[in-house]
Amino acid sequence: RKYQDDKPCATPNLREEDIEVAFVTAFNQLLGDKERYIAQFEENLPLLTDTSKLEDELVALTTRYEEMQASLHRYIAENAQQIQDQNEYNRRYEEMRTACEEVEAKIEEVNKDILAQLGRKEQIRRCLNELRQHGNILEEFDLDLWNAMVESACVSKDGTLTIRFRNGTEIPVQVPKKK
């Protein structure tokens, strides 16, 4: 996002090597206290990824949608069997159809939220597995480990690179300034 606006932000440019060194530093900090991080996230993982409320909401929305669809079909059938004011019928039909589409959009949104939470759970699980597998220190940059562990990296104006791991942990690392 550095060049997103008309006036670029004042964060320094970093070389790939700087980012790799910062990752190794941050990951080693994470490893230094890995048992605490693992215990904390194993304890919180069920809470962070509980989809039961969303699933209940999805069931309620689906039931409501099915009822609305049935009502719409009955309304169409009624129009086919009885003479009605077609302007009033069309107005009411559009209201009902629009309401169905709104509920359908909510169902889609809840499904996306459930998938996002399940994806987050998988990210945290993979991150914890990587933590368990590594010893007490990372000697050199590992691209596969980076891909498995890092959610994002954000550089600040002062040259601090904050690495956000997939388990939600953020570790700031000061990148040395080049002469």
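Strands β1 and β2 form a hairpin with 4 residues between them. Gly 159 in the turn has a positive phi of about 90 degrees. Strand β1 covers residues 150–155 and strand β2 residues 160–165; the two run antiparallel and are joined by 5 bridges. Cys 154 has Thr 162 in β2 as its bridge partner. Strands pair here if DSSP finds at least two bridges between them. Helices (H or I, at least four residues) and strands (E, at least two) are DSSP runs, numbered from the N terminus.

The model is predicted: local features need pLDDT of at least 70, side-chain atom pairs count only at pLDDT 80 or more, and totals for chains, interfaces and linings use all residues. Residues are numbered from 1 along each chain as its sequence is written, and side-chain values use heavy atoms, with hydrogens and water left out.

Helix α3 (residues 52–81) packs against helix α4 (residues 86–133) at an angle of about 160 degrees. Their axes are 9 Å apart. Therefore α3 is roughly antiparallel to α4. The contact of α3 with α4 has 17 nonpolar, 7 polar and 9 charged residues. Nonpolar covers Ala, Val, Leu, Ile, Met, Phe, Trp, Tyr, Cys and Pro; charged covers Asp, Glu, Lys and Arg; the others, Gly among them, are polar. The crossing of α3 and α4 is left-handed.

Helix α2 (residues 34–48) also crosses α4, at roughly 160 degrees, and the axes come within 11 Å. This makes α2 roughly antiparallel to α4. The crossing of α2 past α4 is left-handed. Axes are lines fitted to C-alpha atoms, for helices over the stretch in contact, and angles run from 0 to 180 degrees between N-to-C directions. Angles under 35 degrees count as roughly parallel, over 145 as roughly antiparallel, 65 to 115 as roughly perpendicular and the rest as oblique. A crossing is left-handed if the near helix is turned anticlockwise from the far one by less than a right angle, and right-handed if clockwise.

The whole structure holds 8 aromatic pairs. Rings of Phe, Tyr and Trp (its six-membered ring) pair if their centres lie within 6.5 Å; planes under 30 degrees apart are stacked, over 60 edge-to-face and the rest tilted. Phe 23 and Trp 146 pair edge-to-face, 5.3 Å centre to centre with 70 degrees between the planes. Phe 23 lies in helix α1 (residues 16–32) and Trp 146 in helix α5 (residues 143–149), so the pair ties together parts 123 residues apart in sequence. Trp 146 also forms a tilted pair with Phe 141, at 6.1 Å and 50 degrees. Ring pairs link Phe 23, Phe 27, Phe 141, Trp 146 and Phe 165 into a cluster.
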